[in-house]
Structure formats: structure tokens, C-alpha cells
Amino acid sequence: MFHIPIVPRVRKRSRPAEAGVARCEEVKFEDVRLYLVERKMGSSRRSFLTQLARSKGFIVDDILSDVVTHVVSEDSEASSVWTWLKESVLKNLSNVQVLDISWFTDSMREGRPVAVETRHLIQDTLHPSPESSPPTAKATVSQYACQRRTTTENKNQIFTDAFEVLAESYEFNEIEGPCLAFRRAASVLKSLPSEVDCMGATQDLPCLGEHTKAVMEELLQCGHSFEVEKILSDERYQTLKLFTSVFGVGPKTAEKWYRRGLRSFSDILAEPSIHLNRMQESGFLHYGDISRSVSKAEARALGNVIDEVARAITPDAILALTGGFRRGKEFGHDVDFIVTTPEPGREKTLLSNIMDELKEQGILLYSDYQPSTFDISKLPSHRFEAMDHFAKCFLILRLEGSQVEGGLNSAEGDSRGWRAVRVDLVSPPMDRYAFALLGWTGSRQFERDLRRFARLERRMLLDNHALYDKTKKEFLAAATEKDIFAHLGLEYIEPWQRNA
Ligand code: CTP
Ligand code: MN
Ligand code: MN
């Protein structure tokens, strides 16, 4: 808690000539202009807090006027604050945030204006009007996915499916800008509580460019987009899409095969000069199973299997479901887990022990193990790397139908009684747990925007290992995801709201 020392002796009243002028050696936050309400606070405490804020680079006005952006009051009675404000000189109350002292103390502690959260607001409960609600309470949509709440319920799938096709097509052609633009646009639409039914509804939405809007307009008018249809019927797109659906085949390999005139799996498998690596071989071998989605019940069953194996190795093993299933998805392309232990250093060998045991049980169909390369002294990393440095493995496991509540999500006519499932395991050291959990929960777009927000809005670097404050030149510790959101000055977003 921020500690306010004994109030020093100060002048009772500021001289008129100085009133309303921010006297501060160095203004750090140009866009923020505070006004502290004297009622309930008292004049000496008000002066003291004013000095304190100014010493930290805040602008504090002595006089209330329309240039003030943040009004801070210590009056716990919202109605009296608002009655007073409505009788004040302010012409437009919608331009100002009316805040509780907690926002002020949070900001002093952080040394910067923290993001306004609902708990900071003094709400005009007696006479709520659109004019009096502060900007955060309005239906403004942030350009950052980490400031939006996105459940699995997508009301705008007609648009987002089309955008995904376009993004993928640009990705195949290695055109990064438009690819990202379509992914961002899709993410914004996914966060909306209702379907966009006219172009007017997109007016205040961020991340929608001309191209995106043209596609939306077409979809609204005739139910399909000419451009998207063209891509979907394009032979190259179809082939690359098919090839990259194989585990171990990325866009580069797919393109290489396409250029050699190959168009189908049988073309590839019949071509003697093609040498498949181990991953691709497993990809083809288990194609039917691992291209079919994994159900929540199957994910749970795998959790039980791995939990039992891990606990047999070390009783204090910790297993957590991450990825899409942690976000509440009903189906996924794989199942992602964090497996670790509180014993320092033990996490480095835990995964290979687990894999040995899975092999022993005859359920390890494929494994790609990547030992830990984590070195705390190499942090912070300025370049976000696609992979983190924790020990991890990409597996294909055999899952028995008898272990799954309600049975397997099998293809029709399949009577084997088991199926192959893709499983990812990652094993961070315990003090990195919160960062790894946040990073592996996703979605990818949510993660991208968390890092972008940290970098651009907070001068901080976030990845799966750590959070680094470039201004303070220090790492910010976190035991939970909530700690990380708090360091970033973000409202906490639950895992099931991260389906950006
Ligand atoms: N991830 C990561 N490092 C990797 C692999 C994945 O940080 N080497 C993260 C991704 O950023 C993603 C999360 O782990 O946010 C889960 O990845 P993935 O399984 O590919 O996606 P899901 O969101 O789980 O989607 P699905 O349900 O299709 O599996
Ligand atoms: Mn996943
Ligand atoms: Mn995964």
C-alpha cells in the first residue's frame, strides 16, 4: 500500500496569480491533467498530494476547468461528488474521469497514471446519463486484444471466416502487413457482443481498414465475397492448405512440393525423391486421427493420464491445462499442458522422465523433445522469439476410448477403440510459472497484443519468461497471471475471455 507520510506545514491558499498553473519541474504526462477535490480531503492534505504528484511529473491544476482530464475525490459518497460537479463550471462532464483516491495512490505508487479501472470510478448512480459516463464505461473498443473480453462465442463468424481465408492467403504469399491486418480485424469482430448487421455499426471500431471494410460490405450485401471465393477455388491455395494440414509440414515445405507439381498426398508418398522427416512421417501415419479435433472429454482424459505419470515420478508434480481448452474451447487441434515441480532445477529433467514412462506404457507414438535452454542472465529478450526456452515436447499419444467419458471423438465406422492425439508439454521453473501460463494459454492474437501493449504503452518487454520495465530497468516479479496484468496496468482478463 502506498504510504502517505506526515503532512508537512503548507500555505493555506495558493496565490491567485499561480492558481490553475501546473508548477512542475518536469512534466512527464502531458495528456493527463489532475484536479484534486478539496471537500473531505482538506486543504493541507490536498496541497501535500498536489506536491507529491507534481514531483512525479504529473500536471495538477489548482482550479477546476474544462482542460482537466482526471478529477480525484476522497469523498466516499458518489452522489455528493456528482452534485457538486454538476453545479461546477464544467461544461461537459463526459470529458472528465471522476475517480476515487485509489486511482491516485495506485498512480503515485507506479510513478505513472495507471489505466482507469471500474473499481477506480466514482459512478454517477443517481442520475446516470451517457454524458456523465467516463470513456471507459462507453462502448469503446480497444485496438489491443488484451483490453477486450473475447469469449468462444463468435457472433461475427461470417466475417471472421472470410478474414481468416484472406490472412492465410497473404501468409502463403509471405505478405505480412495485410495478413496481420486481417487477423487483427477478425479479432476485433470476435470480441463484439452482437452481429454487425450494417456498415454503420463498424464506425467506431479500431483495426478495420479500407480493404477489410470492402469485404464486409460485400458480405453484408450479397452473402459472399468475390475475393474470398476466388482464393478458395484457387488450386495453389487449396494445395498449400492441404499440405500444411500435415503435422510437420510448414508453408515453406508445402510451397516446395507444390512447385514440383505435387498436388495430393498420394503424389507426395509416390514420389521417390521426397524424403520425409520423422515428424512428417508421423504426420502422414496418424493423419486421420490428428486432423480430427480433440474433444474436451478427451483433453480431460489425457490430463488424468499425464497427471498420474508425473506424480509417480515426483509426488509434488504440478499439472495445468493451458491452450485453447483453458480458454473454454469445446474442441482443439491438440492438448497443451504445463508440467512442473516446485523443486528448483528438477523441471529440467521432468519431461524426459515423463516421456520414458509414456513409452514404457506403450502410448508414446511420437515425440520431439527440446531440452531447456533457459538462461535467466540472457533476459530480457528484445526480439520476441517464436519459441520460449523452457524444456518442452511435442507428442502424439495413444488415447484409449475406455478412459474417455462419453467415448472418443472417432471417425464413423472406426472400431479400434483408441485414437492418436497431439499433446504439447512445457516445463518452466516454478518462478517463471505465471509467465509460462499466460504465454501458453493464448490465444496467439491475445499474446501478440499483450506484448505490443507492453512495449508501446508501457515501455515494458513481455514474453513467456519475464516482464521487464525499460524505464525502471528492472524485472517485475509475478506469482500469478493477475500480478502480470497489474504490472501492465491492465484490467484482469479471465482465460475464457482471451479467445481473441
Ligand atoms: N505457444 C507458445 N510456444 C510454442 C507453442 C505454443 O508460446 N512453442 C503458445 C501459443 O502462443 C498459443 C498457445 O501456446 O497461445 C497454444 O498454442 P496452440 O496449441 O497452437 O493453440 P491453441 O490456442 O491451444 O489452439 P488449439 O485449440 O487449436 O490447439
Ligand atoms: Mn492447443
Ligand atoms: Mn499446442
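Biologist: What makes the largest nonpolar core a core?

Modeller: This is a predicted model. A nonpolar core requires buried nonpolar residues joined through side-chain atoms within 4.5 Å. The largest such set has 37 residues. Phe 163, Leu 189, Phe 243, Trp 257 and Ile 268 have the most contacts inside it.

Biologist: Which helix gives the most to this core?

Modeller: Helix 4, with eight residues. Among the other elements giving two or more are helix 5 (176-190) and helix 10 (265-270). Domain 2 (145-232) and domain 3 (235-285) each supply at least three residues.

Biologist: What does Trp 257 touch, leaving out residues up to four places away in sequence?

Modeller: Contact means heavy atoms within 4.5 Å. On that basis Trp 257 touches Phe 243, Val 249, Leu 262, Ile 268, Ile 274, Leu 276, Gln 280 and Phe 284. A second, separate core has 30 residues, including Val 309 and Met 355.

Biologist: Now the manganese ion (ligand 3). How do you know which residues coordinate it?

Modeller: Donors must lie within 2.8 Å of the metal. Asp 334, Asp 336 and Asp 424 coordinate this ion through OD atoms at 2.1 to 2.2 Å, so they qualify. Asp 334 also bridges to the manganese ion (ligand 2), the two ions lying 3.5 Å apart.

Biologist: Why are Asp 336 and Asp 424 called buried?

Modeller: Buried means under 20% relative accessible area. Asp 336 has 9%, so it counts as buried. Asp 424 has 7%, so the label holds there too.

Notes. Residues are numbered from 1 along each chain as its sequence is written. Chains are lettered from A and ligands numbered from 1 in the order in which they are written. This is a predicted model: local features need pLDDT of at least 70, side-chain atom pairs count only at pLDDT 80 or more; totals for chains, interfaces and linings use all residues. Side-chain values use heavy atoms; hydrogens and water are left out. Donors are N, O and S atoms within 2.8 Å of the metal (3.2 Å for Na, K and Ca); water is not among the atoms, so sites may look incomplete. Buried means under 20% relative accessible area, exposed over 50%, partly exposed in between (1.4 Å probe, protein chains only). Helices (H or I, at least four residues) and strands (E, at least two) are DSSP runs, numbered from the N terminus. Domain bounds come from an automatic or database domain assignment.
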